[in-house]
Amino acid sequence: MNPRRPRIWVAQPLFAEALAPLAAHAELIVEPVEGVRSAADMAAGLREADAAIVTIGERVDAAAIAGAGRLKLVANVGVGYDNLDLAALHAAGIVATNTPDVLTETVADFAFALLLGAARRVTEAERWLREGHWQRWSFDRLLGTDAHGATLGILGMGRIGQAIARRALGFRMPVLYHNRQALAADLEQACGARWVDFETLLRESDHLVVALPYTPATRHRIDAAALARMKPTAFLVNIARGGVVDDAALAAALAGGRLAGAALDVFEGEPAVHPGLLAAGNVVLTPHIASASLATRRAMVAMAADNVLAALGHGPSAGHPPNAITL
Ligand code: DGY
């Protein structure tokens, strides 16, 4: 009897051309319709799978893998992996992979789009125009805040934080950053960035970009107390994960005029957005799209597929998925 072909479950209909190389080696089961996968859907999808490709919208936890006796790899299409219970996967001998690097520059571009969008009131101005308010040009309408020359603070100086800092060079922004560890001197120099403690970062940033991964330790790193220590003229940008910023505290700070504005791509409990943020005029809100350029999203899927191929023993990294996440 022929051995059964390995089975790969893909939790969302991702780019078919990027998944195509897998079909030569395995039975590919791609969910045909995009949507929210319930815990029961996850368990059913993973049950017969040898490998799975999931996005950051799918939760892979102990319950999801309880019946997945054949599962060897979960390839996350995303650099962040707080949707995966790594301890549960590890205990079950399942390797998890993510998609670092391919999205770094795209996310850094978007961080600047958000920063400028909030500081120069781009979405607020567009709403005003579309609502038909524009009767005459006015010298002092919708006055914003400059980015050039202002101090940029970056909380979390991994690859994405560094790419944001490099962009700030072109805006002649002094860059301060806070990270558990300072960068090596040559990297600091390439980014034109200076390590400061958390207090100094909060106190001196005109635009503060949050680029920290979400972990229990980083939950609400920007809370009411942190917001209170920022300049009332400052802007906060979150391109990291919902939950690193306390959205309720941010909504209160904005409503109280204790912060000039914010730009958020990620939210606690997304897709729900705190009503106080929805009500605030001085906030740019986007639906978790920082990595969503066509080329980058395609590259992320291709990278996840490469990890699966390697786990199934094919390709240049056969047996060693290149982006395995270590605990
Ligand atoms: C990531 O990769 O973690 C982004 O947040 C989603 O693409």
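Buried area is the accessible area (1.4 Å probe) that two parts lose on being put together, summed over both. In this predicted model, domain 1 and domain 2 bury about 590 Å² between them, and 42% of that area is on carbon and sulfur atoms. Local features need pLDDT of at least 70 and side-chain atom pairs count only at pLDDT 80 or more, while totals for chains, interfaces and linings use all residues. Residues are numbered from 1 along each chain as its sequence is written, and side-chain values use heavy atoms, with hydrogens and water left out.

**Domains**
- Domain 1 covers 7-102 + 294-311 and domain 2 covers 104-285, with bounds from an automatic or database domain assignment.
- The centres of the two domains, taken over C-alpha atoms, are 31 Å apart.

**Interface**
- Contact (heavy atoms within 4.5 Å) joins eight residues of domain 1 to six residues of domain 2.
- Asp82, Asp101 and Thr296 supply 62% of the area that domain 1 buries against domain 2, more than any other three residues.
- Two salt bridges (a side-chain nitrogen of Lys or Arg within 4 Å of a carboxyl oxygen of Asp or Glu) link domain 1 and domain 2.
- Asp82 also forms a salt bridge with Arg241, at 2.8 Å from N to O.

**Second largest pocket**
- A pocket is an open set of points on a 1 Å grid over the protein atoms alone, where a 1.4 Å probe fits, with protein on both sides within 12 Å along at least five of seven lines.
- The second largest pocket holds about 190 Å³ of space, the volume being the space filled by probe spheres set on the points.
- Its lining residues (an atom within 4 Å of a point) include Trp128, Trp134, Trp137 and Arg141.
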